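Please read the following report alongside the sequence and the structure.

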Amino acid sequence: MTIFDADGKEKKQISKRTEVDAFIKDLLQLDAKQFFQIMMLPQGEFRNFLIASSNEKERVLRNLFGTEMYQQFNEWLKEQVKAQSRKLEHQQLVASQIMERFEWEEEQEVLTVAECLTLWGQDLEKQQIQLQQLLQRKDQTMQEMKAAQEAFYRAKEIENARIERQGLQEKARELHAKKTEIAQKKAQLNQLVWALEHQEIMQQKEERVKEAQQAAQQINETKQQLQEIQQQQISWQDQRSLIDGIKKKQEAASQKVQRIQQQIPLAQRTQAQQEEVAQLEKAAQQQTIELTKINQAQASAKTQAQHLAEEIDTLRGFQAEAVKLVETQAHVEKWQQAKMLFHEAEQKAGEQQQIHSELVLEQQQLTASLLELQKTLKQETSQNARMQIARLRLLLEENEPCPVCGSLDHPNTQEHTTYRIEDIIASEQRLEQTQEKLTKIQQQVSANQTLQEQATLRISEWQATSAAAQMQVELAWTAVQQAFAALQPIENQEAITEETTVAELKKRQSFNQQKAASYEEAQKKHQAVNEQLATFNESYQQVSEQVKKAQEARQLAEGKLASLQEQLAGATYEQLQADLAEINGLLMEYSQQIEADARQEAQINEQQAILSEKLKNLQQFFEEKQAAKTKAEQRLTQRLQEAGMTEETMRDLIAQAPQTTVLSEEIKTYEQETAFVQQRLALLDAQLKEQATIDLNQLETAYLQLQTVMEELQQETVRKQEKVNGNQRLFDELQVIYQQNVEELAQLGQLQQLAETINGENVKKTSLERYVLQQFLTEILEVANERLARLTRGRYQFELADKVGSYRSSTGLEIDIYDDNAGQVRRAHTLSGGESFIAALALAISLADVIQQRAGGIEIEALFIDEGFGSLDEESLEMAMEALEMIENEGRMIGIISHVRELRARILQQVFVETNGSGQSRIRIKE
């Protein structure tokens with residue numbers, strides 16, 4: 001779009017559609033919807049608007065003036081009412097559940113929550129009284145039980161005291177009988193204690209005796225050792241001549257060693273030469289043996305090479321067999337894939353069949369629900385119709401047309417049942433809800449039918465796939481059998497079946513792989529054997545040359561050996577070494593004997609001095625121990641004489657020492673028991689003094705009976721307390737819910753009253769949106785009356801009907817016509833065709849004016865009227881043209897879209913839209 005200024009100079013260009021729309025809207029202060037509403041006036045539609053019901057006018061005006069927010073607010077209020085109602089229903093349900101849980105003392109029939117709370121309060125008071133009475137009984141029984149318990153335990157204590165006294169008296173008699181025995185044991189214990197106290201003196205005496213005996217024994221042993229040393233000294237003096245002879249032998253042997261050491265180097269050379277000759281001879285023998293082995297290995301290798309060549313020829317067929325096995329494996333895999341496809345198709349077909357069965361069952365359930373809802377809808381429609389007819393009959397007035405048949409006479413008006421407005425609204429809501437449910441079920445039935453058809457189609461597809469897959473399985477299996485038949489037979493071959501196919505193929509593949517491995521191994525072995533043959537030939541040449549050289553070296557070594565043996569005069573290196581070793585051994589032995597003789601002499605002298613000193617010390621020690629022994633014996637004898645006891649008796653008492661503890665414990669226990677029995681008997685005698693005999697069983701029975709009664713009262717009290725507590729909790733919960741219910745019910749009443757008032761359920765049957773639209777329509781009619789008065793020369797005026805109709809749909813936006821000639825108001829649909837056209841035209845133009853004013857005061861001087869002239873007679877058409885000319889004189893450009901031929905003569909400027917017969921049109925302008 002190009003924009004020019006007032007001088008015709010281009011200002012800017014706009015290419016984007018959104019920018020062009022924004023520029024035009026800013027220029028005109030109208031959006032596209034408002035622009036078309038003002039410029040394009042479909043005359044036929046505005047004639048319908050003139051005689052339309054209030055509901056139809058409301059829909060048109062809502063779009064023109066944008067009052068959707070009032071409708072939305074009305075819908076929001078309805079939702080709030082529904083939500084509040086649901087909340088109250090939920091609270092009522094919770095209250096009903098709580099009311100069912102109350103445990104009555106006296107069951108009563110309850111209708112409302114308020115009655116329930118009153119009766120529950122009375123019943124709870126009774127339960128509280130009963131609980132208090134039960135608690136008083138429990139306390140009284142508890143006191144009685146405690147008294148019985150105390151009496152029973154006191155009697156039991158007295159009885160136990162009597163039994164204990166009898167036992168203690170018997171025990172006192174037993175203790176008295178043991179009195180003499182205990183006195184004897186005390187005397188025995190005193191002797192044992194004395195013996196143990198003087199046991200140390202006897203031990204000291206025995207130790208001194210033992211020490212004196214040991215000292216005497218050591219003196220005797222030392223004297224004997226000293227005699228042995230002296231005897232050894234005499235023997236050593238006798239052997240002195242032998243030592244002198246050994247020294248002479250030592251000197252001669254040393255000279256012989258010198259001679260042998262001079263001959264040993266020559267013997268070593270001779271021995272080395274002998275070893276060289278032996279080694280050369282051994283090497284020659286080994287080389288000869290190696291030649292023999294090489295000949296044998298050559299023969300064995302030739303035989304092995306021949307066998308391997310034969311084996312290679314046998315194994316050459318594995319390659320062709322491997323190709324066949326690959327083809328066979330491909331056939332097997334193709335057969336397995338076909339089987340998997342067949343099983344999958346069978347499974348999918350079964351799954352779709354199951355889905356189809358479930359859908360059929362669901363369709364049957366939906367159909368049953370649909371029939372039931374249709375029956376319910378028919379009943380509710382009939383009921384609603386009866387309500388509406390009853391209300392219409394009550395609203396019929398004389399000389400007013402019937403809203404059903406249009407008749408002014410109402411001869412069959414009778415008394416009918418009166419329905420409240422709340423009942424009619426509830427009926428309409430139920431009818432609407434049932435219709436919604438019916439529509440939803442119908443949609444579900446249609447969707448289910450579509451799913452059934454899809455499932456049936458899938459079943460057919462999978463069945464076709466299954467049949468094709470089965471055929472592929474059969475063809476693939478035939479190919480597998482033919483492929484196996486073309487393979488070479490093997491050992492342990494099995495018949496080919498569907499179960500053994502894969503295993504048999506793996507067996508053959510493994511067998512052929514073994515053949516391939518054997519072929520490759522045979523090739524390697526054959527090559528290795530040929531390489532060995534070449535190596536054997538080369539080794540044979542080398543070893544033959546080595547044998548010749550070894551024989552020549554041996555002959556030279558044998559000559560050298562003969563010369564050396566002649567110089568040694570038959571002596572060998574081993575003999576010389578043996579003689580040298582023997583002489584060296586004699587020399588070592590002679591040296592050892594001489595050294596041992598010297599050591600023996602020194603040792604004899606040293607031992608003799610030590611033993612002499614030791615003997616002197618031992619004699620002094622013996623004298624000391626002998627004096628100590630005499631002193632210990634005298635001390636022990638004195639103590640025994642004082643106690644009037646022999647040493648043997650004291651030893652016996654010391655042997656009995658372990659009994660000391662036993663005797664002490666026994667005496668102590670006896671004395672403690674005697675004291676306890678005496679004290680306890682005195683206490684029991686004082687306790688039982690003047691105590692009468694009591695029937696313990698009778699007291700126990702009374703106590704146990706009261707205990708049983710107390711347990712029963714305790715259980716009953718707990719049950720009653722739980723019942724009262726539970727009922728009190730339920731009472732509190734129900735009271736809270738009741739208070740909430742009262743508050744929310746009041747809020748619901750206010751919401752419902754507001755919703756009904758805004759929705760038009762009031763005296764004037766006018767909703768809030770319709771009330772706002774009344775103001776817009778009043779403004780439009782005021783503007784339209786000025787133009788209608790000019791067009792009809794003051795005969796007609798629009799009036800907004802203030803009469804309340806039978807229904808909301810016919811109340812609030814009804815337009816009547818005041819006819820000045822008749823002097824009364826008439827209905828708009830009673831106007832003739834031309835009069836209706838003029839009235840509708842005035843109304844349409846006025847509506848456009850009001851919309852322009854509310855859109856910012858932008859004036860658009862063009863007006864297009866679409867059709868509406870074909871249904872007018874000649875007189876009405878004349879009136880319409882006069883009205884249009886009058887409007888044109890006001891400064892508006894009128895565009896008429898019509899096929900009426902009579903208009904062509906009256907309108908000079910015309911635009912023709914003509915078709916060329918090929919789906920395209922062209923515009924032709926006539927001025």
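Y818 has V825 of strand β6 as its bridge partner. Strands β5 (residues 815–819) and β6 pair in the antiparallel sense over 4 bridges. Two strands count as paired if DSSP finds at least two bridges between them. Helices (H or I, at least four residues) and strands (E, at least two) are DSSP runs, numbered from the N terminus.

This is a predicted model, in which local features need pLDDT of at least 70 and side-chain atom pairs count only at pLDDT 80 or more, while totals for chains, interfaces and linings use all residues. Residues are numbered from 1 along each chain as its sequence is written, and side-chain values use heavy atoms, with hydrogens and water left out.

**The sheet and its surroundings**

β5 and β6 belong to an open sheet of 3 strands, in the order β4-β5-β6, with antiparallel pairing. Its edge strands, β4 (796–800) and β6 (824–827), each pair on one side only. On average, neighbouring strands of this sheet are turned by 40 degrees against each other, direction ignored.

Helix α17 (residues 768–791) lies across β4 and β5 and runs at about 175 degrees to β4. Axes here are lines fitted to C-alpha atoms, for helices over the stretch in contact, and angles run from 0 to 180 degrees between N-to-C directions. The loop between α17 and β4 holds R793. Although R793 is not a glycine, it has a positive phi of about 55 degrees. R793 is exposed, with a relative accessible area of 71%. Exposed means over 50% relative accessible area, buried under 20%, and partly exposed in between (1.4 Å probe, protein chains only).

Strand β9 (residues 910–915) pairs with β10 in the antiparallel sense over 6 bridges. In β10, S921 is the bridge partner of T915. How many of the 6 residues of strand β10 (residues 921–926) are buried? The number is 0, so β10 lies largely in the open.

**Helix packing**

Two packed helices are described by the angle between their axes and the distance between the axes.

| Helix pair | Angle between axes | Distance between axes |
|---|---|---|
| α6 (residues 113–177) and α16 (residues 696–759) | about 160 degrees | 7 Å |
| α17 and α18 (residues 833–854) | about 130 degrees | 8 Å |
| α5 (residues 68–101) and α6 | about 30 degrees | 11 Å |

For α6 and α16, the angle of about 160 degrees makes α6 roughly antiparallel to α16. Angles under 35 degrees count as roughly parallel, over 145 as roughly antiparallel, 65 to 115 as roughly perpendicular and the rest as oblique. α6 passes α16 in a left-handed crossing. A crossing is left-handed if the near helix is turned anticlockwise from the far one by less than a right angle, and right-handed if clockwise. The contact of α6 with α16 has 28 nonpolar, 13 polar and 8 charged residues. In these classes, Ala, Val, Leu, Ile, Met, Phe, Trp, Tyr, Cys and Pro count as nonpolar, Asp, Glu, Lys and Arg as charged, and the others, Gly among them, as polar.

α17 and α18 pack at an angle of about 130 degrees, which makes α17 oblique to α18. The crossing of α17 past α18 is right-handed. Among the residues that make the contact are F776, I780 and L788 of α17 and I838, L843 and V850 of α18. Contact means heavy atoms within 4.5 Å. By class, this contact of α17 with α18 has 14 nonpolar, 2 polar and 4 charged residues.

α5 and α6 are roughly parallel to each other, and their crossing is left-handed. Q92, A95, I98 and M99 of α5 meet V113, C116 and W120 of α6 in this contact. The contact of α5 with α6 comprises 6 nonpolar residues, 1 polar and no charged.

T434 is found in helix α11 (residues 421–485). Is T434 buried or exposed? T434 is buried, with a relative accessible area of 7%. Leaving aside neighbours within four places in sequence, T434 is in contact with L373, T376, L377 and E380.

The protein has 20 helices and 10 strands. Of its 927 residues, 31% are buried. Among contacts in the protein with a separation of 6 or more, residues 24 or more positions apart account for 78%.
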